[in-house]
Amino acid sequence: TAPQRDATDRRMRAVPMPCRPGQADVAAGRTLGQLFGAEWPAQPQAARRTPAQPVNLGRVDWPAQNGQGMATSAGLVDAQGKPLRAKVLCASTQALVAPVEAAAMKGSYRAATFDGAAGTGVALVTWRVGEPPRKP
């Protein structure tokens, strides 16, 4: 399994992300390292790490008649918090892939940090589309 879904963990480059029951493996078992390749520089050794995180996500263009769906995306985020690339890893339906990737690219992010210094990292996001908002 993935190391706690922490994309700042160096092992995440070589571990396929497991999908939830009922979701298709859109990434076809490829690892984050395979999906992002040379665009994702090696993370520095660091005692303290924080993964890239979404601050404000784009809206998923998903017509109401399509019902509910869920997807997990990985977004490559640079040291300034700008999304460089987004890939859906798992989805309840293939029809969610393009809308979720587009929404992820419209989002704003907090960059990953390594001992307090910002760096390029991966933001993992679970999208629940067509569901009522969850109570905190």
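Guide: Arg 48 counts as exposed, because its relative accessibility is 54% and the cut-off for exposed is over 50%. Keep in mind that this is a predicted model. Now find the residue in the chain. Arg 48 lies in the loop between helix H1 and strand E2. H1 covers residues 32-36, and E2 covers residues 49-50.

What does Arg 48 touch, once its neighbours within four places in sequence are left aside? Its contacts are Thr 113, Phe 114, Asp 115 and Gly 116. Look also at Thr 8. Arg 48 and Thr 8 are 40 residues apart in sequence. In space, their C-alpha atoms are 9.8 Å apart.

Asp 115 lies in the loop between strand E7 (112-114) and strand E8 (117-119). Its backbone deserves a look. Asp 115 has a positive phi of about 50°, although it is not a glycine. How open is this residue? Asp 115 has 39% relative accessibility, so it counts as partly exposed. That value falls in between the two cut-offs, under 20% for buried and over 50% for exposed.

Ala 28 has a positive phi too, of about 55°, and it is not a glycine either. Its place is the loop between strand E1 (24-25) and H1. Ala 28 counts as exposed, because its relative accessibility is 59%.

Pro 44 counts as partly exposed, because its relative accessibility is 41%. Leave aside its neighbours within four places in sequence, and Pro 44 is in contact with Arg 10 and Phe 114. Phe 114 is also on the list of contacts for Arg 48. Now compare a distance along the chain with one in space. Pro 44 and Thr 93 are 49 residues apart in sequence. Their C-alpha atoms are 36 Å apart.

Next comes the start of the chain. Asp 9 is in the segment before E1. Is Asp 9 buried or exposed? Asp 9 is buried, because its relative accessible area is 10%, and the cut-off for buried is under 20%. Asp 9 and Val 77 are 68 residues apart in sequence, with 15 Å between their C-alpha atoms.

Lys 82 is found between strands E4 and E5. Beyond its neighbours within four places in sequence, Lys 82 is in contact with Leu 76 and Val 77. Lys 82 and Arg 49 are 33 residues apart in sequence and 18 Å apart in space, C-alpha to C-alpha.

E4 and E5 also meet a helix. Helix H2 covers residues 97-106. Its buried residues are Val 97, Pro 99, Val 100, Glu 101, Ala 103 and Ala 104. These buried residues pack against strand E4 (69-77), strand E5 (83-91), strand E6 (108-110) and strand E9 (121-129).

The largest pocket has a volume of about 160 Å³. Its lining includes Leu 57, Arg 59, Val 60 and Trp 62. Val 125, Thr 126, Trp 127, Arg 128 and Val 129 line it as well. By class, the lining has 6 nonpolar, 1 polar and 2 charged residues.

Step back and see the whole. The protein has 2 helices and 9 strands. Along the sequence, they follow the pattern β-α-β-β-β-β-α-β-β-β-β. The radius of gyration is 15 Å, close to the 14 Å that the globule rule gives for 136 residues, so the protein is as compact as a globular protein of that length. The C-alpha trace spans about 45 × 30 × 30 Å along its principal axes.

Buried residues make up 44% of the 136 residues. The protein exposes about 7,400 Å², and carbon and sulfur atoms supply 51% of that area. Residues 24 or more positions apart account for 72% of them.

Key: Residues numbered from 1 in each chain as written. Predicted model: local features only at pLDDT ≥ 70, side-chain atom pairs only at ≥ 80, totals over all residues. Heavy atoms only, no water. 1 Å grid on protein atoms, 1.4 Å probe; cavity = no way out; pocket = protein on both sides within 12 Å on 5 of 7 lines; lining within 4 Å. Points joined across faces, edges and corners; volume = space filled by probe spheres on them. Nonpolar A, V, L, I, M, F, W, Y, C, P; charged D, E, K, R; others polar. Helix = DSSP H or I, 4+ residues; strand = E, 2+ residues; numbered from the N terminus. Rg over C-alpha atoms; globule rule 2.2 N^0.38 Å. Buried < 20%, exposed > 50% of the residue type's maximum accessible area, 1.4 Å probe, protein only. Contact = heavy atoms within 4.5 Å. Areas by Shrake-Rupley, 256 points an atom, 1.4 Å probe, with all protein chains shown as cover.
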